[in-house]
Amino acid sequence: MANETEAAAAAAQAINGQGEACVISSAVDESELVSDAVRSLPPHAVKDLLSIGVCIRCIFRLFGASEIIHSCATLLTSALSATVEKLMGLEGHMEHKDHGSKENPCSQQSSEGSELEPKLCKICLGILQFVYRDNREMVVKRACPYDFAVFITELVKQERHQIDNFSLEVSIPSSVVENEQAVLLYMKRKYDSELWFQEKFRADRLSAKDFLKLSITNPLETLLDTKYNLSSPFRIRLTYTHSEVAIKVQKHVDKKEGNKRIKTGIKQQDQTLEEEFKYLTSFHISLAGADDMDTRGGNEIPGREYSDFVTSEEYVRSRLCNVSDNNDSPDLSQFEVEKVSQPCSLTFLCYRTPVYICGRYLKSMCGSIDMSSGNLRIMALLSLLQYSRNVSQTRWIIDDERMGEASVEEIIGSNILPICQGDNYKFHAAGREDIDVRMLGSGRPFLIEVQNARHVPSEMSVKEIERKINSMENNLVKVKNVNVVGSQGWSLMREGEAEKQKQYAALVWISRSLEDDDLKTVSSVMDMPIFQRTPIRVLHRRSPLEREKIIHWMKVEKIAGSSQYFLLHLCTQAGTYIKEFVHGDLGRTHPSIGSILGCRAEILQLDVTDVKMDCFLTE
């Protein structure tokens with residue numbers, strides 16, 4: 001919200017400029033609907049709620065008449081207040097007092113309208129009055145839901161996202177729910193015997209959060225020229241917080257931890273309070289989770305926990321315990337409605353859920369020689385060792401020193417991120433190979449997770465990314481079958497990962513000449529179990545465990561002109577340490593090639609020739 005002031009100015013111009021006539025015209029039509037709704041409300045109860053500092057939109061919510069109000073997006077708060085004042089016959093009868101809010105020094109429009117409307121609602125803390133503090137701690141007030149939607153639209157457009165649809169997330173302080181519960185209990189004790197209370201106050205009602213969402217969704221659809229979609233990957237998030245309330249809740253938690261409640265003599269009072277609390281929480285599911293649930297679809301907002309509300313619920317119970325048993329003339333002060341001097345702080349965020357780009361990568365090198373050929377000469381194999389095997393899978397830094405000349409992660413990610421215009425990216429792969437091991441064959445499945453991408457690449461853009469990586473001069477990494485996938489790419493890559501098979505080709509040296517019986521011994525291996533303790537070379541960063549792995553098959557390929565060098569082809573269970581299987585790792589892996597052949601064995605180089613997984617094999 002760094003440019004919030006400029007955005008606010010643009011929003012005001014949009015309202016006062018070309019949209020002014022539309023707003024005025026719509027407000028006239030909407031006021032007629034509001035008038036009908038106002039006439040259905042009991043005047044004495046409305047007057048009571050106004051006198052204790054409840055805003056008009058919250059009053060309509062409490063009476064279950066919110067649909068009419070939240071559908072009137074262009075109806076100014078001042079016009080809404082004037083309608084209620086006129087039809088309720090409250091002109092000159094309301095001596096409304098300031099309930100703790102301060103005059104907005106930054107905007108003249110915040111002080112306009114009837115004094116009937118409290119400056120800061122005791123229930124919603126100004127949220128449904130469209131009053132909030134911006135990132136500069138300056139108080140801002142919007143004239144109506146449409147005005148607020150214009151402000152949001154300007155901020156969204158500043159981010160330059162490619163938008164096909166959007167979803168809306170709202171988080172509000174738990175004290176909004178608590179204050180509403182206190183007011184409901186106050187109304188119950190005072191008006192429970194009246195017929196209108198039985199009919200209206202026991203009906204389902206929208207929470208303040210849902211009311212806000214419904215008020216601005218239609219204007220946002222118009223202004224953004226796209227539709228609301230609960231499952232949209234593009235999300236607009238409004239987070240309201242209040243430091244004063246947070247401090248009070250924390251003090252309650254600290255007090256609760258330091259003191260034990262005395263139970264003697266209060267059993268009957270506890271039962272009464274329990275019944276009243278059940279009454280309060282029976283209205284609508286949103287009262288039990290207004291901070292955490294998108295009630296238009298019932299899904300959790302990432303990063304929030306229900307335990308936060310449990311603490312708030314305990315806080316409400318503690319506040320109800322202080323209520324007097326005198327039901328003859330209940331006063332709202334008995335119910336300890338939170339009094340605050342400032343509106344909530346509003347944090348705006350628009351973001352896209354991660355964009356996933358999948359594919360397979362091959363880690364090769366310039367002038368590579370095919371190790372599968374049976375016509376390799378020993379000199380060719382020795383010269384092969386001179387080519388670079390110095391590419392790690394991910395960026396590798398030790399003591400501020402870079403290991404390797406490049407990484408698969410950086411080569412692929414640095415080409416994808418600019419196209420997606422994202423904030424950053426994460427690289428995921430189905431397993432990994434050492435820095436000195438090539439990845440050949442069909443390649444290893446990978447997934448690039450682009451955070452907050454402002455552009456979703458087209459099929460043509462993806463092919464351009466693939467072409468660009470494959471034509472790089474260093475020729476260290478190749479990619480294939482690159483494509484955009486949904487979040488199901490995760491499950492595709494992880495499915496069967498632990499049970500996958502991998503094939504290798506290893507250049508091996510033994511301390512004696514290779515004999516024909518050795519070939520038969522090695523090739524006779526089928527699904528042989530081996531036991532590997534954590535290798536010495538990785539013991540500093542991995543737990544000292546013993547793992548059982550399976551060698552599915554092996555075969556030896558002789559090298560013409562050499563009796564001690566050969567190519568070992570093998571297929572193993574994922575997670576097998578191949579280098580240690582060859583040389584035995586000082587007996588930590590058994591059996592090993594050395595123990596099977598009864599001699600010393602060393603591995604000179606290793607290639608992964610295939611990863612047996614079905615994902616991302618075709619475009």
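Helices here (H or I, at least four residues) and strands (E, at least two residues) are DSSP runs, numbered from the N terminus. Strand 15, residues 438–451, is one such run, and R438 is found in it.

This is a predicted model, in which local features need pLDDT of at least 70 and side-chain atom pairs count only at pLDDT 80 or more, while totals for chains, interfaces and linings use all residues. Residues are numbered from 1 along each chain as its sequence is written, and side-chain values use heavy atoms, with hydrogens and water left out.

**Whole chain**

Of its 619 residues, 52% count as buried; buried means under 20% relative accessible area, exposed means over 50%, and partly exposed lies in between (1.4 Å probe, protein chains only). Contact means heavy atoms within 4.5 Å. Among contacts between residues at least 6 apart in sequence, 78% join residues at least 24 apart.

**Stop 1: the largest pocket**

Select R432, E433, D434, R542 and Y577. Of the 32 residues that line the largest pocket, these are the closest to its centre. The space in this pocket is about 810 Å³. A pocket is found on a 1 Å grid over the protein atoms alone, as an open set of points where a 1.4 Å probe fits, with protein on both sides within 12 Å along at least five of seven lines; lining residues have an atom within 4 Å of a point. Grid points are joined across faces, edges and corners, and the volume is the space filled by probe spheres set on the points.

Next, colour the elements that give two or more residues to the lining: strand 17 (501–510), strand 19 (546–558), helix 19 (578–583) and strand 22 (601–612). Which of them gives the largest share of the lining? Helix 19 does, with three residues.

By residue class, the lining divides into 11 nonpolar, seven polar and 14 charged residues. Here Ala, Val, Leu, Ile, Met, Phe, Trp, Tyr, Cys and Pro count as nonpolar, Asp, Glu, Lys and Arg as charged, and the others, Gly among them, as polar. Domain 2 (354–367 + 377–395 + 404–498) and domain 3 (500–610) each supply at least three lining residues; the domain bounds come from an automatic or database domain assignment.

**Stop 2: V437 and R438**

Select V437, in the loop between strand 14 (424–429) and strand 15. V437 counts as buried because its relative accessibility is 3%. Leaving aside neighbours within four places in sequence, V437 is in contact with K363, R389, K579, L606, D607 and V608.

Move on to R438, which counts as buried at 4% relative accessibility. Its side chain makes a polar contact with the side chain of D607 (2.6 Å). A polar contact is a pair of N or O atoms within 3.5 Å; within protein, one must be able to donate a hydrogen and the other to accept it, and residues adjacent in sequence count only if both atoms are side-chain atoms.

**Stop 3: P445**

Stay in strand 15 and select P445. Is P445 buried or exposed? P445 is buried, because its relative accessible area is 0%. Leaving aside neighbours within four places in sequence, its contacts include G359, H428, M493, V611 and F616. P445 and R494 are 49 residues apart in sequence and 10.0 Å apart in space, C-alpha to C-alpha.

**Stop 4: L539 and R588**

Select L539, in the loop between strand 18 (526–533) and strand 19. L539 counts as partly exposed, at 35% relative accessibility. Beyond four places in sequence, L539 is in contact with T534, P544 and R588.

R588 lies in the loop between helix 19 and strand 21 (589–590). R588 counts as buried at 13%. Not counting residues up to four places away in sequence, R588 touches F531, Q532, R533, T534, I536 and L539.

**Stop 5: backbone exceptions**

Most residues other than glycine have a negative phi, and most peptide bonds are trans.

- L586 is not a glycine, yet has a positive phi of about 55°. L586 is found in the loop between helix 19 and strand 21 and counts as exposed, at 80% relative accessibility.
- F130 is not a glycine either, and has a positive phi of about 60°. F130 sits in the loop between helix 6 (77–87) and strand 1 (131–133) and is buried, with a relative accessible area of 2%.
- The peptide bond from H590 to P591 is cis, with omega near -10°. P591 lies in the loop between strand 21 and helix 20 (593–597).
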